[in-house]
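The structure is shown first.

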Amino acid sequence: MEKLKQQFGVRATDSLFECGFYSRDMAPVPSLLVDPLFNTRPDIVVRPVDAVETAGILKTAFADNIPITPRAGASTVYFNSVPVKGGIVIDLNLIAGIEDIDEAAMTVTVRAGTTWLELEKYLNPLGFALKSFPSSAPAASIGGWFSMMGYGIGSIKYGSLLSQVQSIEVILPTGECRWLTNDTKPPLAWFAASEGTLGIITRLTLEIRRLSSMKHFLLAFTDVGEMRRALESIINAPVVPYNLHFADKRYALAMQSLGFSPSDTASSCTLGIDYEGSRAELDIVQNMIIRLFGDDRTIRLFPEEEARREWTGKFNALRLKRGGPSVLGGEIWLPVKTLPGYLADIKKKADCYGLDLISYGHVVTRERAAVMTLFYTNETRIGSYILDLAMVKKIHDVGYRHGGWPYGVGLWNTPYLGRIFTLPYLNELRLRKQMLDGRGIMNPGKLYRAPFFLNPVSFAVGMGTLAAVRRITGRSGRR
Ligand SMILES: Cc1cc2nc3c(=O)[nH]c(=O)nc-3n(C[C@H](O)[C@H](O)[C@H](O)COP(=O)(O)OP(=O)(O)OC[C@H]3O[C@@H](n4cnc5c(N)ncnc54)[C@H](O)[C@@H]3O)c2cc1C
């Protein structure tokens, strides 16, 4: 620690106050629940500015077997970037900036701590744009999204982030610096969704597209079945949308009560459809949407101005939290075809447990949607909050029954590892970990196996008991 403090000066801190900020992420988890089980306060936080400094920190950690937790925007919620065994947190936000744009190859090389919004703002005046980005783009970093699942806005048209990245610069746990492509050993794909457990990504070269015009549509439906039929027609149409986002009635009502949505969407589920392309393509799309939905009296087609407003608010879904004080929930990687069944079962759970369950999400491939189901709670009321935690499992169980599983692992989703990965694939991931990080210093305690307290059997029994108590007592964290 002394060595790092001397080398990094004000860019290293072991102050209890400052390190405290690194022991949480976006999820509201009371320390009373965490502190007895995990050491979430880093011993030291270091902020390197480039690959050379990052490699130096990793060499030190490797020599002394010190746990390393990479952290960028920390816009995740499963303690992905929160240490559970103390050690060194590497704050990657200073490894930022755009290095090179190759107009002939249509690629950009960017440092990993740059946010998606920064990159988009750099590209747009030059006539280029990102192929896809997360709806957390103002905070989420390029390296952070690559280290997670990498699906979001634009994915339905352009594919996962992995399919757009051509090469990455990585610092391996030993401190060795490597440029990886699809043809190297290891290939860059090993690092996608590896959640900071194999090394630290410092630079990426990714594909971009030409900036084009956009057209936006907003549809409202009285029932989910109609929404699914509309989704199918749009997904199977010859022109692929850039973004497809949906919300249930509860979402529209909550947004309306907070003053964010038009009042006439409040009793409907909504579907926002955004297209990008040439003027000619957008004219085709306009005719297609009118042909598909213009004459259907049960479907409301909003004026484009409203639809554009939804697009402009694409980074603000969590405004919902203002109805809080806090929100809890689960994000499910769900087959599109089971969406109506999922939403119907979620409604049943809401009625059964007296919960206000709010769902929304994005269709990110032709087959899959990332669906978020949330409810209000209050983390300062520990007893009731603990009972509310059992409801998160109920949401995941509904998702599982409809062919879905949690989107992302971190610490809190390790009880669901058996749902997320097949056993052979999980073994393959463990093998990669063993090969690249045999000492287990990179982000330990995450992704590969559940810690003792979260093992699937005791977790299921514990959560089942809490859910029963919650149902009998009718207590919820929000009250
Ligand atoms: C409002 C909101 C909207 C969101 N929308 C989306 C969405 O559309 N799609 C989606 O997939 N997710 C979404 N998320 C989740 C999250 O924002 C993304 O996963 C995001 O890309 C994480 O980036 P980050 O920089 O915040 O990473 P962090 O949270 O800091 O880190 C995430 C993981 O990656 C590791 N890591 C970070 N940087 C590096 C690096 N350079 N090298 C190695 N490991 C690293 C960390 O150790 C951690 O395990 C959303 C979250 C919020 C709050």
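In what order do the 4 strands of the open sheet stand? The model is predicted, and the order in it is β1-β2-β4-β3.

## The open sheet

The pairing in this sheet is mixed. Strands of a sheet pair through backbone hydrogen bonds, either parallel or antiparallel.

The edges are taken by β1 (12-13) and β3 (68-71). Each has a single partner strand, so one side of each is left without a neighbour in the sheet. For β1, 2 bridges link it to β2 (residues 44-46) in the antiparallel sense. Ala 12 has Val 46 of β2 as its bridge partner.

## Nonpolar cores

In soluble globular proteins, nonpolar side chains tend to be buried together. The largest nonpolar core of this model contains 98 residues. Trp 116, Phe 146, Ile 168, Phe 191 and Leu 271 have the most contacts inside that core. Apart from it lies another core of 20 residues, including Leu 4, Ala 61, Ile 68 and Ile 171.

Leu 271 shows what such contacts look like. Beyond its neighbours within four places in sequence, Leu 271 is in contact with residues including Phe 217, Phe 221, Met 227, Ile 234, His 245 and Phe 246.

## The second largest pocket

The volume of the second largest pocket is about 520 Å³. It is lined by 26 residues, and Met 149, Ala 192, Ala 193, Phe 421 and Tyr 425 are the closest to its centre.

By class, 19 lining residues are nonpolar, 4 are polar and 3 are charged. Both β18 (405-406) and α16 (423-436) supply at least two residues of the lining. The largest share, 4 residues, comes from α16.

How values were computed:
Residues are numbered from 1 along each chain as its sequence is written. This is a predicted model: local features need pLDDT of at least 70, side-chain atom pairs count only at pLDDT 80 or more; totals for chains, interfaces and linings use all residues. Side-chain values use heavy atoms; hydrogens and water are left out. On a 1 Å grid over the protein atoms alone, a cavity is a set of points where a 1.4 Å probe fits but cannot get out, and a pocket is an open set with protein on both sides within 12 Å along at least five of seven lines; lining residues have an atom within 4 Å of a point. Grid points are joined across faces, edges and corners, and a volume is the space filled by probe spheres set on the points. Ala, Val, Leu, Ile, Met, Phe, Trp, Tyr, Cys and Pro count as nonpolar, Asp, Glu, Lys and Arg as charged, and the others, Gly among them, as polar. A nonpolar core is a set of buried Ala, Val, Leu, Ile, Met, Phe, Trp, Tyr and Cys residues joined through side-chain atoms within 4.5 Å. Buried means under 20% relative accessible area, exposed over 50%, partly exposed in between (1.4 Å probe, protein chains only). Contact means heavy atoms within 4.5 Å. Two strands pair if DSSP finds at least two bridges between them.
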